[in-house]
Amino acid sequence: MKTRSENRAFGGVQGVYTHTSDATGCDMTFGLFLPEEAEHAPVPVLWYLSGLTCTHENAMVKAGAQQWAAAEGIALVFPDTSPRGEGVADDEAYDLGQGAGFYVNATQTPWAPHFRMWDYVTAELPEMLFKAFPLDDGRQAISGHSMGGHGALTIAMGLPGRFRSVSAFAPIANPTASDWGRKQFAAYLGDDESTWAAHDSTLLMKKRGFDGPVLVDQGASDQFLDLLRPEALAEAMAARRQDGIFRMQRGYDHSYFFVSTFMEDHIGFHARALYD
């Protein structure tokens, strides 16, 4: 693992690191914010998964998360959204290929050799981080925006017992019924739609729910509402009587202005679960 940068921020350190990934078969970059408390003992960790076209840098720079994480003594991890580099498959469309990993393990050509983001985010990167940094693997939470909200919800429900809480900003909530999902799942996972269900948060909510609290914020003026299908997830949460809150935020769109507005709420929500 190589250190690309480390900057003092809110009493802690915002670092950016690169390493060679066995899961993706290429170099991967991630951001890690450690609060001041990490100088003395392992701290709880909040994973933040970003959306389409993003890298590790978008939320790290735009979300305003570090100030609230520092106040709560929580570490933040900002993984990349896909494998990258020479020899990694790509597509001319912004919503497929590099920058659009969808947090799945691809099984189809030409994506399968590198697009194994589920394994990277859930296995390889955590194993490395918990060995290298003072992080408490018994206190984890996860969040994300858009494609990353999809990833956060599906990973949290797909790995019962690992995360104490999950939240999402404008998640791709029902990808098996949306053009943001059907296109990518067909490319990465093939035409057998039974393999898609494990990566649809609405279907997972109906089937098993989450064993902890859920917070979802959705901008009511989001330009991508028809692709996100938030109403499907809200209905599934209500039908299951999930311990959770779904909020439609009047006037807000899909941007990081929306995310940064409600980031304090989300980190406070996770802090209550992580310190319970």
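Modeller: One aromatic cluster is made up of Phe 169, Tyr 252, Phe 258 and Phe 262. The model is predicted, so local features need pLDDT of at least 70 and side-chain atom pairs 80 or more, while totals for chains, interfaces and linings use all residues. Numbering starts from 1 along each chain, and side-chain values use heavy atoms, without hydrogens and water.

The whole structure holds 13 aromatic pairs (Phe, Tyr or Trp six-membered ring centres within 6.5 Å; planes under 30 degrees apart are stacked, over 60 edge-to-face, the rest tilted). One of them joins Trp 180 to Phe 224, with 4.9 Å from centre to centre and 40° between the planes, which makes the pair tilted. Trp 180 belongs to helix H5 (residues 179-189), and Phe 224 to the loop between strand S8 (214-219) and helix H7 (225-228), so the pair ties together parts 44 residues apart in sequence (DSSP runs, helices H or I of at least four residues, strands E of at least two, numbered from the N terminus). Trp 180 is buried, at 5% relative accessible area, whereas Phe 224 is partly exposed, at 26% (buried is under 20%, exposed over 50%, partly exposed in between, with a 1.4 Å probe and protein chains only).

Back to Phe 169 of the cluster: this residue also lines the largest cavity, as do Tyr 48, Phe 78, Met 263, His 266 and Ile 267, among others (on a 1 Å grid over the protein atoms alone, points where a 1.4 Å probe fits but cannot get out; lining residues have an atom within 4 Å). Helix H9 gives the most to this lining, with 3 residues.

How values were computed:
On a 1 Å grid over the protein atoms alone, a cavity is a set of points where a 1.4 Å probe fits but cannot get out, and a pocket is an open set with protein on both sides within 12 Å along at least five of seven lines; lining residues have an atom within 4 Å of a point.
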